[in-house]
Amino acid sequence: MRDLKIPDQRHPEKAHRADNAQPKKPSWIRVKAPTSAGYKATRDVIKENRLVTVCEEAGCPNVGECWSQGHATMMIMGEICTRGCTFCNVATGKPQNLDAFEPGRVAHAVAKLGLNHVVVTSVDRDDLQDGGAEHFAQTIRAIRHRSPSTTIEILTPDFLKCDDSVLETVVAAKPDVFNHNLETVPGLYLEVRPGARYFHSLRLLQRVKELDPTIFTKSGIMVGLGENGVQVRQVMDDMRAADVDFLTIGQYLQPTPKHHAVDRFVTPEEFASYEKAAYGKGFLMVSSTPLTRSSYHAGDDFERLRAARLARLGA
C-alpha cells in the first residue's frame, strides 16, 4: 500500500524532478495554525463519515479559518488523481473504484454540519468513461434530498476524454454554481497543467451557460507561476467571452520542492488592481487576494453573487 504522507509515494511522477527552492513567504501570506474547537468539530464530522476534503489534500492555507466556521470542501471519487499537474498537492496514480455510498455520506455530513452552502469538488478520473459525471449528479441529488435549502457549488474536472454529453448529466442535476478552474494562463499550460487544454476548459464553461443560463459559472487562476499582467487580463477577456460570472485569483503556493517553483509573491496592491480590472470587464463577482482559493468564503460570496445578478437585472 502506498503511504500518501511520503512525498515520493504521493507524487511518483515528480520523484525525479530537480528540487525548486521554496522562498520565504511574505507577511501577507502567513496564517495561524488551526486550533479552535470549531476546527476540531468539523474534522470529527469529516472523519466519522470517511470523507476526503480538498482542504487537507491540497494543503489549503485557509483550512483553520474555514473549518473553525464549520465549512469544508468535499472531495469526491477518492484521494488519488489520474493527472500530475505540477502545481497540485493531490496524490497522483491509479484511483480505486468509485464508492456507491459516498454521495449519501457527503449528504449526511452536509446536514450534520448545517451548511447553508456547500462546495463539492473531485480528483480527475480519466479512468472512468464519464469522468465521474454521474457520481457528481448523484452527490448533488443526495444533498438536495437531505438539505433542500442548502445551495450547492461544484468544482469539476474538465471531462477532457469524455463524450460531450457527460456535461449534460452534471448540469441536469442543477447545481447552483458550476466552477471549473483554468488555473493559469495558456502559455504555461504545458508546464503547469500538461494533461489539460486551455480552450477545452473555456468551452466547457461556455457550454454550461448554453445548457442552463440560470446556473452561475465560476473559474479561477493562480498568479506567481511566471505569468504577467497582460496575460492575466487576456484570461479575463477569454472568461467573459465564455460568459463566466465569477472570477477568483489567488497566490500560488508551492507544496513541496518537487512542485513548480514560485516565480514571485504578488503584492496585495497588484491583486486589488486585478480585481478592479475584472469588474471593469463585466464579472458579476471577483475575489482577488493573496489567500483567495476557489471555495474560500464561498457561501458569503454566493449571496453577493446572487444579489449582483438581481441588481444587474434591475430587480
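The model is predicted, and local features need pLDDT of at least 70, side-chain atom pairs count only at pLDDT 80 or more, and totals for chains, interfaces and linings use all residues. Residues are numbered from 1 along each chain as its sequence is written, and side-chain values use heavy atoms, with hydrogens and water left out.

The protein holds 12 helices and 10 strands. Helices (H or I, at least four residues) and strands (E, at least two) are DSSP runs, numbered from the N terminus. The protein has 315 residues, of which 52% count as buried. Buried means under 20% relative accessible area, exposed means over 50%, and partly exposed lies in between (1.4 Å probe, protein chains only). Contacts were also sorted by separation in sequence. Among those between residues at least 6 apart, 76% join residues at least 24 apart. A contact here means heavy atoms within 4.5 Å.

Helix H10 spans residues 229–241 and includes Val235. Val235 has a relative accessible area of 1%, so this residue is buried. Beyond its neighbours within four places in sequence, Val235 is in contact with Leu182, Thr184, Val185, Pro186, Tyr198 and Ile221. Tyr198 lies 37 residues from Val235 along the chain, and their C-alpha atoms are separated by 10.0 Å.

Two packed helices are described by the angle between their axes and the distance between the axes. Helix H9 covers residues 198–211; its axis comes within 9 Å of that of H10, and the two cross at roughly 40 degrees. This makes H9 oblique to H10. Axes are lines fitted to C-alpha atoms, for helices over the stretch in contact, and angles run from 0 to 180 degrees between N-to-C directions. Angles under 35 degrees count as roughly parallel, over 145 as roughly antiparallel, 65 to 115 as roughly perpendicular, and the rest as oblique. On the H9 side, the contact involves Tyr198, Leu202 and Gln206, and on the H10 side Val235, Asp238, Met239 and Ala241. These residues divide into 5 nonpolar, 1 polar and 1 charged. In this grouping, Ala, Val, Leu, Ile, Met, Phe, Trp, Tyr, Cys and Pro count as nonpolar, Asp, Glu, Lys and Arg as charged, and the others, Gly among them, as polar.

Two loop arginines were examined next. Arg83 sits in the loop between strand E3 (80–81) and strand E4 (91–92). Its relative accessible area is 9%, so Arg83 is buried. The Arg83 side chain makes a polar contact with the side chain of Asp126, at 2.6 Å. A polar contact is a pair of N or O atoms within 3.5 Å; within protein, one must be able to donate a hydrogen and the other to accept it, and residues adjacent in sequence count only if both atoms are side-chain atoms. The Arg83 side chain also reaches the backbone oxygen of Gly195, at 3.4 Å. Leaving out residues up to four places away in sequence, Arg83 touches Thr92, Asp124, Asp126, Asp158, Leu160, Gly195 and Ala196.

Arg125 occupies the loop between strand E5 (117–122) and helix H6 (133–146). With a relative accessible area of 3%, Arg125 is buried. A polar atom of its side chain lies 2.9 Å from the backbone oxygen of Met77. Residues touched by Arg125, not counting those up to four places away in sequence, include Met77, Ile80, Thr82 and Pro95.

Most residues other than glycine have a negative phi. Lys174 is not a glycine, yet has a positive phi of about 60 degrees. Lys174 is in the loop between helix H7 (165–172) and strand E7 (177–179). At 41% relative accessibility, Lys174 counts as partly exposed. Glu183 also has a positive phi, near 75 degrees. This residue lies in the loop between E7 and helix H8 (189–192). Glu183 counts as buried, at 16% relative accessibility.

A search of the whole structure finds 0 disulfides. A disulfide is a pair of cysteine sulfur atoms within 2.5 Å. For Cys85, the nearest cysteine sulfur is that of Cys88, 6.3 Å away. Cys85 is buried, with a relative accessible area of 13%. Cys88 counts as partly exposed, at 21% relative accessibility.
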